[in-house]
Amino acid sequence: QVQLVESGGGLAQPGGSLRLSCAASGFIFSTYAMSWTRQAPGKGLEWVIGISSDGSTQFADSVKGRFTISRDNAKNTVYLQMNSLKPEDTALYSCAKHQGWSTRDPRDYWGQGTQVTVSS
């Protein structure tokens, strides 16, 4: 059974940083691409950033130069480092598993999410 459990959310000031973690289980983590998505209040789901099983990364223009994604296959964990946070980054952040090794493959599982609020 696939499980994805996020942690690390909270309140940050504009310009601040947060690091999110997503612990995965129930599948061979190292062979699948993983992504982070977010949903702000009243808005649709937005794909934020992803990492393929070979370690290559892709990101949305909205987070370019501010967010990075990494994975530790030994710990079955994917991380999201968020720097230079903006109020518009406020959202529920969820990690997602893809159906294959590439972030171009469809996503098939999501975690429950962790709330990130950016406010002074």
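This is a predicted model: local features need pLDDT of at least 70, side-chain atom pairs count only at pLDDT 80 or more; totals for chains, interfaces and linings use all residues.
Reader: Which class of ring pair do F27 and F29 form?
Author: Two aromatic pairs are counted. In one of them, the ring centres of F27 and F29 are 6.2 Å apart and the planes meet at 50°. Planes under 30 degrees apart would be stacked and those over 60 edge-to-face. Because 50° falls in the remaining range, the pair of F27 and F29 is tilted.

Reader: How is the pair of F27 and Y32 classed?
Author: The centres of these two rings are separated by 5.6 Å, and the planes stand at 80° to each other. An angle over 60 degrees meets the criterion for one class. The pair of F27 and Y32 is therefore edge-to-face.

Reader: Which residues make up the cluster linked by ring pairs?
Author: F27 pairs with F29, and F27 also pairs with Y32. F27 is buried at 15% relative accessibility, whereas Y32 is partly exposed at 23%. The ring pairs join three residues into a cluster: F27, F29 and Y32.

Reader: Which charged residues lie over the faces of F29 and F27?
Author: Over the face of F29 there is an arginine, 4.5 Å from the ring centre. Over the face of F27 there is a lysine, at 5.5 Å from the ring centre. For F29 the residue is R71, and for F27 it is K97.

Reader: Which residues does S52 touch, leaving out those up to four places away in sequence?
Author: S52 sits in the loop between β5 (45-51) and β6 (57-59). With a relative accessibility of 2%, S52 is buried. R71, which lies over the ring of F29, is one of the contacts of S52.

Reader: Which are the edge strands of the four-stranded open sheet?
Author: The strands run in the order β1-β3-β8-β7 and pair antiparallel. An edge strand here pairs on one side only, which applies to residues 3-7 and 67-72. From one strand to the next, the twist averages 15°. The edge strands are β1 and β7.

Reader: Which residue in β8 is the bridge partner of L20?
Author: β3 covers residues 18-25 and β8 covers residues 77-82. These two strands pair in the antiparallel sense over six bridges. The partner of L20 in β8 is L80.

Terms used:
Residues are numbered from 1 along each chain as its sequence is written. Side-chain values use heavy atoms; hydrogens and water are left out. Two strands pair if DSSP finds at least two bridges between them. Axes are lines fitted to C-alpha atoms, for helices over the stretch in contact, and angles run from 0 to 180 degrees between N-to-C directions. Buried means under 20% relative accessible area, exposed over 50%, partly exposed in between (1.4 Å probe, protein chains only). Contact means heavy atoms within 4.5 Å. Rings of Phe, Tyr and Trp (its six-membered ring) pair if their centres lie within 6.5 Å; planes under 30 degrees apart count as stacked, over 60 as edge-to-face and the rest as tilted. A charge sits over a ring if NZ of Lys or CZ of Arg is within 6 Å of the ring centre and within 35 degrees of the ring normal.
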